[in-house]
Amino acid sequence: MGKKGDLSNFERGMVVGARRAGLSISQSAQLLGFSHTTISRVYKEWCEKGKTSSMQQSCGRKCLVDARGQRRMGRLIQADRRATLTEITTRYNRGMQQSFCEATTRTTLRRMGYNSRRPHRVPLISTTNRKKRLEFARAHQNWTVED
């Protein structure tokens with residue numbers, strides 16, 4: 001069975017309650033639907049430390065840009081969809097006390113779902129194709145349905 005993530009506090013309490021009620025590890029695993037390793041790990045942690053809450057949510061570095069900052073960055077992007085990363089970063093830092101680097105802006109944009117790059121301006125039709133299409137149109141200008 002694959003790793004599903006961390007257990008909630010309620011699920012951890014159920015594990016401890018089942019073990020305290022006298023169920024074995026196998027019985028608890030069958031009853032609750034968790035692996036034997038999960039049951040033994042949670043119960044051992046409760047016996048040693050007396051806690052059932054998980055600290056996995058507080059792992060890793062905290063995000064520098066909070067929800068309010070993400071909304072502000074989203075408004076900057078909507079105002080100018082063709083802005084580069086450097087332009088977005090400078091506009092965002094303009095009104096803030098703490099300035100962020102471009103890498104922080106890039107990771108924030110990726111977290112918000114903006115993975116695309118800046119689009120290039122490309123002509124719709126090249127000059128050679130434009131001339132060929134004009135020649136074709138002039139050559140077939142007087143054609144009818146039967147031709």
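**Salt bridges, packing and burial**

Modeller: The side chains of Arg91 and Asp80 meet in a salt bridge at 3.4 Å, N to O. A salt bridge here is a side-chain nitrogen of Lys or Arg within 4 Å of a carboxyl oxygen of Asp or Glu. This is a predicted model: local features need pLDDT of at least 70, side-chain atom pairs count only at pLDDT 80 or more, and totals for chains, interfaces and linings use all residues. Residues are numbered from 1 along each chain as its sequence is written, and side-chain values use heavy atoms, with hydrogens and water left out.

Colleague: How many residues apart in sequence are the parts tied together by Arg91 and Asp80?

Modeller: Arg91 lies in helix H5 (residues 85-94). Helices are DSSP runs of H or I, at least four residues, numbered from the N terminus. Asp80 sits in the loop between helix H4 (67-79) and H5, so the pair ties together parts whose separation in sequence is 11 residues.

Colleague: Is Arg91 buried, partly exposed or exposed?

Modeller: Buried means under 20% relative accessible area, exposed over 50%, partly exposed in between (1.4 Å probe, protein chains only). At 28% relative accessibility, Arg91 therefore counts as partly exposed.

Colleague: Which residue does Arg12 meet in a salt bridge?

Modeller: The N to O distance in this pair is 3.1 Å. The pair links distant parts of the chain, helix H1 and helix H3, 33 residues apart.

Colleague: Are H1 and H3 roughly parallel or roughly perpendicular to each other?

Modeller: The axes of H1 (residues 9-20) and H3 (residues 36-49) come within 9 Å and cross at roughly 85°. Axes are lines fitted to C-alpha atoms, for helices over the stretch in contact, and angles run from 0 to 180 degrees between N-to-C directions. Angles under 35 degrees count as roughly parallel, over 145 as roughly antiparallel, 65 to 115 as roughly perpendicular and the rest as oblique. H1 and H3 are therefore roughly perpendicular.

Colleague: Which residues does Thr105 touch, not counting residues up to four places away in sequence?

Modeller: Thr105 is found in helix H6 (residues 102-112). Its relative accessible area is 1%, so Thr105 is buried. Contact means heavy atoms within 4.5 Å. Beyond residues up to four places away in sequence, Thr105 touches Met73, Leu85, Ile88 and Thr89.

Colleague: What is the count of buried residues in H7?

Modeller: Helix H7 (residues 127-139) has 13 residues. H7 is hardly covered, and its count of buried residues is 0.

Terms used: Helix = DSSP H or I, 4+ residues; strand = E, 2+ residues; numbered from the N terminus. Expected span 1.5 Å × (residues − 1).
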